[in-house]
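Please keep the coordinates open while reading the numbered points.

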Amino acid sequence: MKEKNRAVAFILALAVLFVMFFSAFYITKNANHDCIGEDCPVCEQIAVCETTLYGISTVMQSGVAAVFIPALCILAAKTFYLFFFSDTLVSLKVKLSS
């Protein structure tokens, strides 16, 4: 079951990368097209590609924030603990005489 989930996640990641790459490619390829004005199908498709890229980037930013903000909080808590509550020779009552 775990391998199946991993395979599905890999296929979905490839699909997202495919959509991102070809949306950007379509926009750059048709940026200077001969526009017929209002209701231009190429302009409408470019708008759809831009919306898709914007949506994917928003989701990716949320995912990155969901991963790194808790990790940053954990790191800050560990640093705070080590700085203020770490064991020292004095707190352990170690005698340094021979």
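This is a predicted model: local features need pLDDT of at least 70, side-chain atom pairs count only at pLDDT 80 or more; totals for chains, interfaces and linings use all residues.

1. Phe21, with a relative accessible area of 52%, is exposed. A search of the whole structure finds 6 aromatic pairs, and one of them joins Phe21 and Phe22 in an edge-to-face arrangement, with 4.9 Å from centre to centre and 80° between the planes. Ring pairs also link Phe21 and Phe22 with Phe18 and Phe25 into a cluster.

2. Phe80 and Phe84 form a tilted pair, because their planes meet at 55°, with the ring centres 4.7 Å apart. The two residues are 4 apart in helix α2, so about one helical turn separates them. Phe80 itself is partly exposed, at 47% relative accessible area.

3. Phe80 and Phe84 also contribute, together with Tyr81, Leu82, Phe83 and Phe85, to a nonpolar surface patch of about 740 Å². Phe85 belongs to helix α2, which spans residues 41–85, and Phe85 is partly exposed, with a relative accessible area of 48%.

4. Ser23, in helix α1 (residues 2–29), is buried, because its relative accessible area of 8% falls under the 20% cut-off. Leaving aside residues up to four places away in sequence, Ser23 touches Cys49, Thr52 and Leu53.

Key: Residues are numbered from 1 along each chain as its sequence is written. Side-chain values use heavy atoms; hydrogens and water are left out. Buried means under 20% relative accessible area, exposed over 50%, partly exposed in between (1.4 Å probe, protein chains only). Contact means heavy atoms within 4.5 Å. Patches are made of residues with over 30% relative accessible area and no salt bridge: like charges are joined within 9 Å, nonpolar side chains (Val, Leu, Ile, Met, Phe, Trp, Tyr) within 5 Å. Accessible areas come from the Shrake-Rupley method with a 1.4 Å probe; for residues, only the protein chains shown count as cover. A salt bridge is a side-chain nitrogen of Lys or Arg within 4 Å of a carboxyl oxygen of Asp or Glu. Rings of Phe, Tyr and Trp (its six-membered ring) pair if their centres lie within 6.5 Å; planes under 30 degrees apart count as stacked, over 60 as edge-to-face and the rest as tilted.
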